[in-house]
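User: Can you walk me through the ligand site first, then the pockets and cavities?

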Amino acid sequence: MKCKKLYGIMLGAFLLSGHVFAASKASVNIIPKPNQVVVGEGYFVFSNGMTISAPAGSRSKALLVQKLQAAAGIGLKDVAGSKASVELSIRKAPELGTEGYRLLVTKKEIKLDAATENGLYYGVQSLLQLLPPQIESGQKVEANWQVPCVSISDTPRFSYRGIMLDCSRHFSTVDEIKKMLDAFALYKINKFHWHLTDDQGWRIEIKRYPKLTQIGSVRVEEGKPYGGFYTQEQAKEIIQYATDRNIEVIPEIEMPGHGMAALAAYPEYSCTGGPFKQPRITWGVEDDVFCAGNDATYTFLQNILDEVCTLFPSKYVHVGGDECPKVRWQNCPKCQSVMKANGLKTEMELQSYFTKRMEKYLESKGKRLFGWDEILEGGIAPSATIMSWRGEQGGIEAANAGHDVVMTPGGYVYLDHYQGDMLCEKVKIGGLSTLQNVYGYDPIPKAIADDKAFHVLGLQGNMWQEYMFEPNQIEFQIFPRVTAIAEVGWTKKENKNLDSFIQRIDNQQIRWDYHSLNYYIPMPEGNMNYIQFTDKVTLPFTTNRPVKVVYTLDGSDPTATSAVYSEPLTVDRSVTLKLRSVLPQGTLSPVRAIELTKTVPYKGLAKVDGLNKGMKMRYVKDGDYTSVNQLEAVAQWKDTIVTSINDFFKFKKKEQSGGAAILDGYIYVEKDGDYTLHCLADQFYLNGKLLIVNDKMKKNAKSDITVPLTAGYFPIKIVFLNRQYQGVVSEWMDARPTVRPVSNTNRDLPTVVYY
Ligand code: TNX
């Protein structure tokens, strides 16, 4: 009580001294925005030899001291008690909860109070964000090592503010994870959901079942082995590292679906008994799942959970539960007899039965079960906590039924989605979730009753890593969106403000440079990456938040001093236009290159007699063709007529690669003009000219091209290889050609083809 009073007196003196109404206030760039901030006048200036006091062994103090020493070369001396220039104290302060803090900065001293060490840690993170961004430097740099006078009292809106990393699909090293944890901690992220197993890789050492990592952690893709796993010692190292940063590590062991990596090692726990060649090398969902009718499967999984429960101190263990196809269970005598014996009417109910057994087991170990929202189907396990990913509905239902939920709806917080126009980023799974979109998310949908809202523990950004072919793409996807997740999770709804948030990002970006993070910078958006034009073309560009754009027309990569884009660019010759965004501190975005070619319009035929709807298709069903040249070796083609390229797949099993097709036909355009052509086949020809090439990845319209066409019919040819590349199969791509006026952005615009 006494302490609270002392703080009250301090704050009163701070307010009375006229700080509050000062004309020029320093800007406070803290993310997530603290819930109560009063900015005063003047600064506290750090200098060598100042004193610091803190509870014994405080890691918050250690962090502050280390940062000041490294970046500023300023050493703080330890003293005991309240005479210190910087005083960190743990006090009885129930109103601050387990994570809140109070920070008072005057010209003379800094006082930081919290009820817990975790609260102090967040106070120090806020204090570090009040310092110049150079404080994140690992080496001594010049800066004004001062903090604006401020009074902050801050507690989070939600107790769960998480990020999930999918280390199964693509592996991150221990150091890469630590680097990300360091950066998450800046933003008071407090949960790391570690997706450790999936169809494509088993990543955690289980001593009782060594084949899980010997076999389950390696897949051979395009002839090369890909893999990695964490030993239990390494997992401990990560857990400790996270704990030191107020981050709880929640492990996920996927079941009963997404288990192919484990089944490749132990096929006896599947319905069919296998054998399976290796972990799955295609993204997507595997039909072979753990057999839910075999007691030995339960024992196997429980033995695994046993080691997981011992290794991870977290109260929660995530057992997945998403996307579990039921076809094997439908045809499995064991599964069917368990259903019969337990009066389960559907396979959904069998999944529910499975989950409830796991829940009981985890309970016996003192743990609670987390699951994706599919575990609601067929009846939810009584004490389960739900992660709502297929939109918000699962979360709404679960909360209204009295279950705790964490909101992770795909449309808002999927970190594998694009952050802007897909033509300006490396290939992704798809989807769009801008920074602004993430920021606008409210984890408590209206459909959750007021008296049930407390069941929403918070939110989580999910970093699914199928398309993270290069490790630094993971950071690119997470930053800056993690800051929006952090602010949604921490800052009360009424204190959020998008404009202020966007402004505060500038300061954070400088910090990320010191952390060597590869973060997303808004790109110059607009236009295709391939453009053919007649006389001249005028190209407007935009960015999805205010940022300077520079460009060159001589083929060189733009630098910070290249020409600045200020109005639409007009080009009248064949060139490569290269554009880049530049942040205020000079950091440059990746380069966007646009190939501009001057040409005469492609002439349409006024009339072609006897046309029917569809295309002529020459095809081979089998043969492994990875490049178009290999088709020269095809001895015998078959001929047929199809309505769509997708008809090719009538000859194949689901997701089976092999074979190729060459299609001939016509498309029709009504009026002269500029048109965008789109086709996700390997090659697309118009009037005999090769206009689109999708070698490597056939995805996301990267090769769409704008061309001038005169009205009429155009012969087209499409070359299509049914191949797999980096986990992506051709079958998933809708390879139908489309032609659309340049102003129309709908690349799925139906286009009729004729033969
Ligand atoms: C669905 S979200 C999945 C993941 C994929 C993700 C890709 C969830 C519980 N399951 O297996 O990686 O989509 O966005």
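**Ligand site and open spaces**

Analyst: Aspartate 416 has a polar side-chain atom 2.7 Å from an oxygen atom of the ligand. Keep in mind that this is a predicted model.

User: How much of the ligand does the protein bury?

Analyst: The protein buries 92% of the ligand's exposed area, which is 360 Å² when the ligand is taken alone.

User: Which side chains come up to a nitrogen atom of the ligand?

Analyst: Aspartate 322 is one: an N or O atom of its side chain is 2.7 Å from a ligand nitrogen. Glutamate 323 is another, with a polar side-chain atom 3.5 Å from a nitrogen atom of the ligand.

User: What is the phi of glutamate 323?

Analyst: Phi of glutamate 323 is near 40°, a positive value in a residue other than glycine. Glutamate 323 sits in the loop between strand S15 (316–320) and helix H9 (327–330).

User: Which residues surround the ligand?

Analyst: Arg169, His258, Asp322, Glu323, Trp372, Trp389, Tyr414, Asp416, Ile429, Trp464 and Glu466. By class, that shell has five nonpolar, one polar and five charged residues.

User: What about the second largest pocket: how much space lies in it?

Analyst: About 880 Å³. The second largest pocket has 29 lining residues, with Arg280, Ile281, Thr282, Glu655 and Gln724 closest to the centre. Strand S12 (218–221) and strand S35 (724–725) are the elements that each give two or more residues to this lining.

User: Which domains supply at least three residues each to the second largest pocket?

Analyst: Domain 2 (160–500) and domain 4 (615–754) do.

User: How does its lining split by class?

Analyst: The second largest pocket is lined by 15 charged residues, seven polar and seven nonpolar.

User: Changing topic. How many cavities of 30 Å³ or more are there?

Analyst: A search of the whole structure finds two. The largest cavity has about 40 Å³ of space, and the second largest cavity has a volume of about 30 Å³.

User: What lines the largest cavity?

Analyst: Lys696, Met697, Lys698, Arg723, Tyr725, Val728, Val729, Ser730 and Met733 line it. By class, the largest cavity has five nonpolar, three charged and one polar residues in its lining.

User: And which residues line the second largest cavity?

Analyst: Gln419, Thr434, Leu435, Gln436, Pro480, Tyr520, Asn544 and Arg545. The lining of the second largest cavity counts four polar, three nonpolar and one charged residues.

User: Pro480 is in that list. Is the peptide bond from phenylalanine 479 to proline 480 cis or trans?

Analyst: The bond from phenylalanine 479 to proline 480 is cis, with omega near 10°. Proline 480 lies in the loop between H15 and helix H16 (481–490).

User: What about isoleucine 31 and proline 32: which kind of peptide bond joins them?

Analyst: A cis peptide bond, with omega about -5°. Proline 32 is in the loop between helix H1 (2–16) and strand S1 (36–45).

Definitions and conventions:
Residues are numbered from 1 along each chain as its sequence is written. This is a predicted model: local features need pLDDT of at least 70, side-chain atom pairs count only at pLDDT 80 or more; totals for chains, interfaces and linings use all residues. Side-chain values use heavy atoms; hydrogens and water are left out. On a 1 Å grid over the protein atoms alone, a cavity is a set of points where a 1.4 Å probe fits but cannot get out, and a pocket is an open set with protein on both sides within 12 Å along at least five of seven lines; lining residues have an atom within 4 Å of a point. Grid points are joined across faces, edges and corners, and a volume is the space filled by probe spheres set on the points. Helices (H or I, at least four residues) and strands (E, at least two) are DSSP runs, numbered from the N terminus. Ala, Val, Leu, Ile, Met, Phe, Trp, Tyr, Cys and Pro count as nonpolar, Asp, Glu, Lys and Arg as charged, and the others, Gly among them, as polar. Domain bounds come from an automatic or database domain assignment. A residue is near a molecule or strand if one of its heavy atoms lies within 4 Å of it. A polar contact is a pair of N or O atoms within 3.5 Å; within protein, one must be able to donate a hydrogen and the other to accept it, and residues adjacent in sequence count only if both atoms are side-chain atoms. Accessible areas come from the Shrake-Rupley method with a 1.4 Å probe; for residues, only the protein chains shown count as cover.
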